[in-house]
Amino acid sequence: MIDARNVRKTFGSFAALNDVSLNIAEGELVALLGPSGSGKTTLLRILGGLEFPDSGSVLFDGGDATLVSARDRHVGFVFQHYALFRHMTVFDNVAFGLKVRSRKERPSKAEIAERVHHLLSMVQLDGLALRYPSQLSGGQRQRVALARALAIQPRVLLLDEPFGALDAQVRKELRRWLRRLHDELKITGVFVTHDQEEALEVADRVVVMNQGRIEQIGTPTEIYDQPATPFVYQFLGNVNALPCRIRGGQAEIGPLVMPAPSYAGVADAAGVAFVRPHDLLLSRPGEGGGSFAVVRHVSVLGAVVRVELSLGEHIIEAETSRQRHAELELAPGQRVLLWPRQARFFLRDGWEGTTLESREELARTSAML
Amino acid sequence: MTATKSSVIPGFGPTLGYTLFYLGLIVLIPLAALFFRAAGMGWEQFVQAAFAPRVLAAYRLSFGGALLAAMINVVAGLLVAWVLVRYDFPGRKFFDAIVDLPFALPTAVAGIALTAIYAPNGWVGQFLKPLGIKVAFTPLGVVVAMVFIGLPFVVRTVQPVLQDLEVEHEEVAVSLGAGRWQIFRMIILPAVFPALVTGFALAFARALGEYGSVIFIAGNMPGVSEIAPLLIVTKLEQYDYAGATAIAVVMLVASFILLLVINTLQKWHSNRLGAV
C-alpha cells in the first residue's frame with residue numbers, strides 16, 4: 001500500500017534519513033520507534049507529503065507519490081499537540097476537511113452534519129460538537145483531532161507522537177482505544193513514538209529507527225525477543241550489556257563461560273553480551289549451574305523482585321519472582337549461582353560508535369518502565 | 001467589582017486607587033477641562049462653532065482619511081509583518097528596524113519629506129503628474145501622510161501574533177485538502193484578527209490626531225484639504241479658545257465612540273473563542 005524506497009533526506013549537514021526503505025501493507029498499524037533525532041518524524045512527514053525526500057521515492061498503491069503535495073495525498077494527520085483550530089467549534093474542526101472541498105465534490109450541509117456527528121460518536125464525543133477546543137481536556141482534544149483526520153476518509157492515518165502530550169493514565173486509555181478503533185475501521189496507520197511500551201502494545205509491526213536508519217522491522221514479539229542489533233536490544237526493554245571475550249565458539253563474561261556457536265570461527269575478539277534481567281536464573285550454591293555472583297541489593301517492585309549482583313567486576317541486574325525470592329531468601333552479601341537462560345553476543349567491531357548514545361537511552365527507557 | 005482570589009500584586013484597594021488617580025491626573029482632568037470650557041459657551045454658540053460647513057468638511061477629511069489610512073495599513077501592515085516573520089532574506093533585520101522609523105521621526109520632518117517626494121516636481125510626483133494624479137496639497141496627500149505614520153502600529157501588533165502561529169495548523173489544513181486562500185481565510189486571518197483590530201484602532205487614532213506631517217503635505221485649502229486638528233490650531237491662533245474647544249469636544253466624543261465600538265468588536269471576538 002505504501003512503499004518508501006531508498007529515501008534520503010538531509011537538513012543542512014544533518015542526515016535525517018539515510019537510505020530508508022519501508023513497506024506498509026493495507027490495513028496495517030505500524031509504529032516508527034526510536035530516540036529523538038532518529039528520523040522517525042521526518043519519515044512520517046515524507047509519507048504525508050509535508051516534506052519531500054532528497055532522493056528515493058514514495059509509492060501509494062503502486063503509483064509514484066513522491067512529489068504529490070499533502071493536499072492531494074489524502075492522508076489524515078494527527079499531531080502531538082492536536083493542532084486544533086482554536087477559533088472553530090469541535091463540529092467545525094471535524095467538518096473542515098469536507099467544507100474546503102470544491103463545490104462539485106462537497107457533500108451537502110446535511111450530509112456533512114450527519115458525517116460529523118457519526119464521527120463524533122465514534123470518538124465518544126457526542127454532545128460536545130458546539131464546544132471550543134479550549135473547553136476540552138487533552139484526551140478529548142486528541143480525539144477531535146483524530147475525528148477531523150478521519151473525516152476525509154484518508155487512505156492512511158499518520159500520527160506524530162499522538163499521545164505524547166497526555167498524562168500517563170489518559171495515554172494508556174487512549175492507546176487501547178486507538179487499537180480498538182483501528183481494528184474496527186481497518187484503516188492503514190503509521191504512528192511515531194519514542195515510547196517502546198506504546199509501540200509494542202498498539203502496533204502490528206514495529207520499525208525501530210536510529211540515526212536515520214532502520215535498525216529492525218518486525219512484530220512486537222520479534223522485536224522484543226530477537227533484537228537484530230545491539231541498539232534494538234538496548235532501546236527495547238531493560239537489558240544487561242556486559243563486555244565479554246569471544247574465543248572459539250565461547251563467550252566469557254568474567255568467570256561465566258557460555259556457548260556462542262555462531263562465533264565458532266572467531267579466535268579471540270572483544271564482544272558484548274546482552275542478557276535480559278528476567279532471563280537470569282538464580283539458584284543456591286550446589287543446586288544448579290552457572291557462576292558465583294554476590295547479591296548487592298534487593299528491591300521488591302510489586303510482582304517482581306529486582307536483584308543487583310556483582311559477577312567478577314561486572315554489575316548485573318536480574319529479575320525474579322516473589323516466590324523465588326522467598327525460596328532463596330536473597331539478601332545483600334549472599335553468594336548465589338547465576339545462569340543466563342538466554343543471551344546474545346555481538347562483536348565490538350563495527351557498532352561501538354553507536355552505543356554510547358544508546359546507553360543513555362537505555363537509562364531513560366528503563367526509568368520509564 | 002471585588003477583588004477575586006489573590007493576585008501577584010497585593011492590595012486591590014491601593015492598586016485600584018492608584019490606577020484611578022493616575023488615569024485621572026494624566027487623562028481625565030485635562031479632558032474634563034475641555035468639556036467645562038466648551039460647556040461655558042452656550043448651546044447655540046457651540047453648534048455654530050462645532051458644525052459650521054468649513055468645520056464639517058474638516059471632520060469629514062479627518063475621520064474619512066484616518067479610516068481609509070487605517071484600512072490601507074491593515075492590509076499593507078499584515079503583508080509587511082507576514083514577510084518579516086515568514087521569510088528569511090538578507091537585510092531582514094534592517095527592514096524590520098525601518099518599520100519603526102515613522103514612530104521616531106519628528107512629524108514635521110516626515111511631512112516635509114513626503115511633500116518633497118509627492119510634490120508635482122518631486123521624485124514620485126513627477127511621474128504621477130502626467131497620469132493626472134495629484135498627491136501633494138490634496139486630500140490624497142493627507143491620506144498618504146496618515147498611512148505613513150500609522151504603518152508601524154499595525155506591523156508591531158500583528159507581528160508577534162504571526163510569530164506565535166503554529167505551522168502545524170497550516171499543515172493540518174493542507175493535509176485536509178485546503179488551498180492557500182482557504183488556509184489564509186479560515187486559519188490565519190481568524191488567528192490574527194484581534195491583533196489586526198488593535199492595530200487598526202491604534203493606526204486610526206494616531207492618524208486622527210496627527211498634525212505635524214499632514215499639514216505640510218495637505219496644502220490646507222479650507223473645505224478641501226484642511227484637517228480638523230489644523231482648524232483647532234487656527235482657532236487658537238485667533239484667540240478663539242471657545243471655538244477650538246468646541247471642535248475638540250466633537251472629535252473627542254466621536255473618536256471615543258469609534259474606539260469603543262472597535263474594542264467591543266474585539267471583546268466579542270475573543271469571547272467567541274472561549275478565551276483560552
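**Model and confidence**

The structure is a predicted model, and the prediction as a whole scores ipTM 0.78 and pTM 0.78. For chain B the mean pLDDT is 88, with 95% of the residues of that chain reaching 70 or more.

**Overall build of chain A**

Chain A has 369 residues, of which 41% count as buried, and its secondary structure comes to 10 helices and 20 strands. Along the principal axes, the C-alpha trace of chain A spans about 80 × 45 × 30 Å. Among the contacts in chain A with a separation of 6 or more, 66% are accounted for by residues 24 or more positions apart. The domain assignment divides chain A into domain 1 (2-231) and domain 2 (238-368), and the centres of these two domains of chain A, taken over C-alpha atoms, are separated by 38 Å.

**A four-stranded sheet in chain A**

Chain A contains an open sheet of four strands, in which the pairing is antiparallel and the order is 2-1-4-5. Its edges are formed by strand 2 (14-24) and strand 5 (63-64) of chain A, each of which pairs on one side only. Within this sheet, strand 1 (residues 2-11) and strand 4 (residues 55-60) of chain A run antiparallel and are joined by five bridges; Ile2(A) stands opposite Phe60(A), a residue in strand 4 of chain A. Helix 1 (residues 40-48) of chain A packs on the sheet, where it touches strand 1, strand 2 and strand 4 of chain A, and the direction of this helix makes about 120° with that of strand 1 of chain A.

**The contact between chain A and chain B**

The contact between the chains takes 20 residues from chain A and 17 residues from chain B. On the side of chain B that touches chain A, the elements that give two or more residues are helix 9 (167-175) and helix 10 (180-209) of chain B. Helix 9 of chain B gives the most to this side, with six residues.

Technical notes
Residues are numbered from 1 along each chain as its sequence is written. Chains are lettered from A and ligands numbered from 1 in the order in which they are written. This is a predicted model: local features need pLDDT of at least 70, side-chain atom pairs count only at pLDDT 80 or more; totals for chains, interfaces and linings use all residues. Two residues are in contact if their C-beta atoms, placed from the backbone, lie within 7 Å. Domain bounds come from an automatic or database domain assignment. pLDDT is the predictor's confidence in each residue, from 0 to 100. A residue is buried if 20 or more other C-beta atoms lie within 10 Å of its own, exposed if 12 or fewer, and partly exposed in between; C-beta atoms are placed from the backbone. Two strands pair if DSSP finds at least two bridges between them. Axes are lines fitted to C-alpha atoms, for helices over the stretch in contact, and angles run from 0 to 180 degrees between N-to-C directions.
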